[in-house]
Amino acid sequence: MKTIIPVTRSSMPSLEEYTEEIRELWDSRWLTNNGAKHEAFKAELTAFLGVPFAEPVVNGHTALELALGALGITGEVITTPFTFVSTTHAIVRSGLEPVFCDIDSKTCCLDPEKIEDKITERTGAILPVHVYGHVCDTSAIEDIAKRHGLKVIYDAAHTFGERVGEKGIASFGDISCFSFHATKVFHTIEGGAVCFSDPALSERIRETKDFGIRDEEHVDEIGGNGKMNEFSAAMGLCNLRHFHRAVQSRKAAAEHYRERLSEVEGLILPPVQSGVTPNYAYFPVVVDEKLFGKDRNVLAEKLAEKGILVRKYFYPLTSAMECYRGRFKPEETPVALRTAERVLTLPLFEELGVSGAEKVAEEIIRIKNA
Ligand SMILES: Cc1ncc(COP(=O)(O)O)c(C=O)c1O
């Protein structure tokens, strides 16, 4: 039987550890609505991320919508089309207009040199994404935002636990939003968090994730339901304990990819960002068809024939998706367009190991030379 190497696989605590963590829920019967696990997870998460406020929520998408609402953003939001569809949907579903800005070809994050051209009198915020765990040029973005009086919300879904120098990644911008989806380096099955330092936002975000309810008789906001349940919070408590182990194993696999693939002509490997402590969330490679001899699609198909599953992540651009057809011009972000046509993310997960990475690298080299 052919062994399959998936592109991702969720990290899990032992069954015993998780069972122990959820045992008391059978006594308390308190399964959601800011129960004991939620409160414990929130405290540990806040300390772990080193931010004044980290509010757990039901998923990363809701974190983005809550952030846009809490900051009262109106009008246009400058953002990237080279992301998971959630980033763009969150803007549109909040009644705002995404204005797509091109990306830097190395980091695949927003190119700060192109942001100012996109600012109009209707611009309310910049919503950059730390794609693949690559950190945006935060100082250039902060500088632009300050000069134009704009809010910055980071989609930090891929960067849990990263640091820039001594500063935790959750501290950037007015708000940083995380996804704790099952496929992320750190997960709570489904989940996310909204992180910020302004105390004035705290009550608003806590209320709007719970229908806007202040107390039994008072409803301040037209909120939705963004609450994280107790089973997810318990998974978060377990996975936080093992985060460093998960990152170390990913690091070993990612470094093996780098060692084996750096000399392969036609493969552009992800950048190593100086001063950044990465979490090895993804290992994207850009395939230069002329130099590699085969295009990205052929490489993906041939790997799949051998049971190695890769992803065209991110393809297509969100601005080119069916639901937005006719509304945006994907060709206005040519670097993003070209990257989306050539990129593949290789398998990377905690249990892949150096041996798994070796199998993938060996097969890529074999395909190139065939
Ligand atoms: C960049 C990005 N933004 C937003 C999300 C949405 O997060 P979630 O799936 O937790 O709703 C994801 C992930 O899944 C993502 O990768």
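User: Which residues are linked with Lys 37 in a network of salt bridges?

Analyst: This is a predicted model, in which local features need pLDDT of at least 70 and side-chain atom pairs count only at pLDDT 80 or more, while totals for chains, interfaces and linings use all residues. Residues are numbered from 1 along each chain as its sequence is written, and side-chain values use heavy atoms, with hydrogens and water left out. A salt bridge here is a side-chain nitrogen of Lys or Arg within 4 Å of a carboxyl oxygen of Asp or Glu. In the network, Lys 37 is linked with Glu 17, Glu 21, Glu 24 and Arg 241.

User: How many salt bridges does the structure hold, and what is the N to O distance between Glu 116 and Arg 147?

Analyst: The structure holds 21 salt bridges. One of them links distant parts of the chain, with Glu 116 in the loop between strand S3 (97–100) and strand S4 (123–127) and Arg 147 in helix H6 (residues 138–148), 31 residues apart. Helices (H or I, at least four residues) and strands (E, at least two) are DSSP runs, numbered from the N terminus. The side chains of Glu 116 and Arg 147 meet with an N to O distance of 2.7 Å.

User: Is Glu 363 buried or exposed?

Analyst: Glu 363 forms a salt bridge with Arg 366, the closest N and O atoms being 2.6 Å apart. Both lie in helix H13 (residues 353–369), three residues apart, about one turn of the helix. Arg 366 has a relative accessible area of 42% and is therefore partly exposed, given that buried means under 20% relative accessible area, exposed over 50%, and partly exposed in between (1.4 Å probe, protein chains only). Glu 363 has a relative accessible area of 11%, so Glu 363 is buried.

User: Which residue forms a salt bridge with Asp 220, and how is that residue classed by relative accessibility?

Analyst: The closest N and O atoms of Asp 220 and Arg 214 are 2.7 Å apart, in a salt bridge. Asp 220 has a relative accessible area of 37% and so counts as partly exposed. The partner is Arg 214, which at 44% relative accessibility is partly exposed.

User: What is the bridge partner of Val 57 in S9?

Analyst: Strand S1 (residues 53–57) is mostly covered, with four of its five residues buried. S1 and strand S9 (residues 192–196) run antiparallel and are joined by five bridges; two strands pair if DSSP finds at least two bridges between them. In S9, the bridge partner of Val 57 is Gly 192.

User: Which residue in S14 stands opposite Leu 267?

Analyst: An open sheet of three strands has the order S12-S14-S15, with antiparallel pairing. Its edge strands are strand S12 (267–268) and S15, each pairing on one side only. S12 pairs with strand S14 (residues 283–287) over two bridges. The residue opposite Leu 267 is Val 287.

User: Which helix gives the largest share of the lining of the second largest pocket?

Analyst: The second largest pocket holds about 330 Å³ of space. Of the 19 residues that line it, the closest to its centre are Arg 258, Pro 271, Val 272, Pro 278 and Tyr 280. The largest share, three residues, comes from H9.

User: What is the volume of the largest cavity?

Analyst: A search of the whole structure finds one cavity of 30 Å³ or more. Its lining residues include Ser 11, Phe 186, His 242 and Glu 350, and three come from helix H9 (residues 243–261). Domain 1 (15–241) and domain 2 (243–369) both contribute to the lining, so the largest cavity lies between them. Its volume is about 70 Å³.

Conventions:
1 Å grid on protein atoms, 1.4 Å probe; cavity = no way out; pocket = protein on both sides within 12 Å on 5 of 7 lines; lining within 4 Å. Points joined across faces, edges and corners; volume = space filled by probe spheres on them. Domains from an automatic or database assignment.
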